[in-house]
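Biologist: Can you walk me through this one? I would like to start with the overall layout and then go to the charged residues.

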Amino acid sequence: MGALNAQPMYHSPAIHAVYARVHQLAHLASEAADYLVDAVDLLDQTRAGLPVELGDGFLAVVTEQEARRGAGRCFSLVASLTALGASDSLATAELFVAERRHRGFVPEHQPPALSHTQDTTLRAVARGDVAITGGKPYLRREDLRVSISTIRSLESRGLVMREDCPDDWFRDERVHLTAAGRCGLAASFARPRSTAPAAARPPARPVATAARAAVR
């Protein structure tokens, strides 16, 4: 929010929508963090043999199995609260950059030259849709197609990076944008396509009149 407030800008309806989305994302992230803290406290107190609060100020000592079920419910709530967080963040960033371009503020960073496949993959990574398992992409969406060669090409250009997931049963590595990847993707938002002028048609060849003059 501080970064937004530091930007000189006209508070158009689009910018008001950006502020509303950022507020919403902040509240969802804060609430999700509270549930994670609750899960950790529940497990730690149970292992220490301490009573835990079960609601309405009622305290009781629970078994480790009960504590794990309670923590699982917290994790499910966190997953629900944050399920659309990455895609909403991407949409909000794109809305902000598009509105700024409309007002004449052009990002200083130049976007990298990417193929359509690379651009699609970079956006998928930004949405949190791409992970790696067994050396192959693990995707959250069935309509998404991402190859490991494309991920490697983005890695070689310093746009994405991998992070080990030792506690995840389904994914070996997460794929994230690097700082350069974030700057490059943001700079590509709402970027006008360069339109090369149509090639002028060559002038028609002058009609030879010598033959006609000879006939006459």
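Modeller: Helices (H or I, at least four residues) and strands (E, at least two) are DSSP runs, numbered from the N terminus. The chain has 8 helices and 6 strands. This is a predicted model, where local features need pLDDT of at least 70 and side-chain atom pairs count only at pLDDT 80 or more, while totals for chains, interfaces and linings use all residues. Residues are numbered from 1 along each chain as its sequence is written, and side-chain values use heavy atoms, with hydrogens and water left out.

Biologist: What pattern does the chain follow along the sequence?

Modeller: The pattern reads α-α-β-β-α-α-α-β-β-α-β-β-α-α.

Biologist: And how many of the residues count as buried, in percent?

Modeller: 27% of the 216 residues. Buried means under 20% relative accessible area, exposed over 50%, and partly exposed in between (1.4 Å probe, protein chains only). The areas come from the Shrake-Rupley method.

Biologist: On to charges. How many salt bridges does a search of the whole structure find?

Modeller: The search finds 10. A salt bridge here is a side-chain nitrogen of Lys or Arg within 4 Å of a carboxyl oxygen of Asp or Glu. Side chains of opposite charge can pair when their charged atoms come close.

Biologist: Which residue forms a salt bridge with Glu64?

Modeller: Arg68 does, with the closest N and O atoms 3.3 Å apart. Both residues are in helix α3 (residues 64-82), and because they are 4 residues apart, about one helical turn separates them. Glu64 is partly exposed, at 40% relative accessibility.

Biologist: What about Arg103?

Modeller: Arg103 forms a salt bridge with Glu99, and their closest N and O atoms are 2.9 Å apart. Arg103 has a relative accessible area of 40%, so it counts as partly exposed. Glu99 is at 11%, so it counts as buried.

Biologist: Are Asp129 and Arg127 buried or exposed?

Modeller: Asp129 and Arg127 are both buried. They form a salt bridge, with 3.0 Å between the closest N and O atoms. Salt bridges that share partners join Arg127, Asp129, Arg141 and Asp143 into one network.

Biologist: Where is Gly128?

Modeller: Gly128 is in the loop between α5 (116-126) and β3 (130-133). It is partly exposed, with a relative accessible area of 32%. Its C-alpha atom is 7.5 Å from that of His176, and the two residues are 48 apart along the chain.

Biologist: Which side chain does Glu173 contact?

Modeller: A polar contact of 3.1 Å joins the side chains of Glu173 and Arg162. A polar contact is a pair of N or O atoms within 3.5 Å; within protein, one must be able to donate a hydrogen and the other to accept it, and residues adjacent in sequence count only if both atoms are side-chain atoms. Glu173 lies in strand β6 (residues 173-177) and is buried, at 18%.

Biologist: And what does the side chain of Ser156 reach?

Modeller: The backbone oxygen of Ser153, at 2.7 Å. Ser156 is in helix α6 (residues 148-156), and at 61% relative accessibility it counts as exposed.
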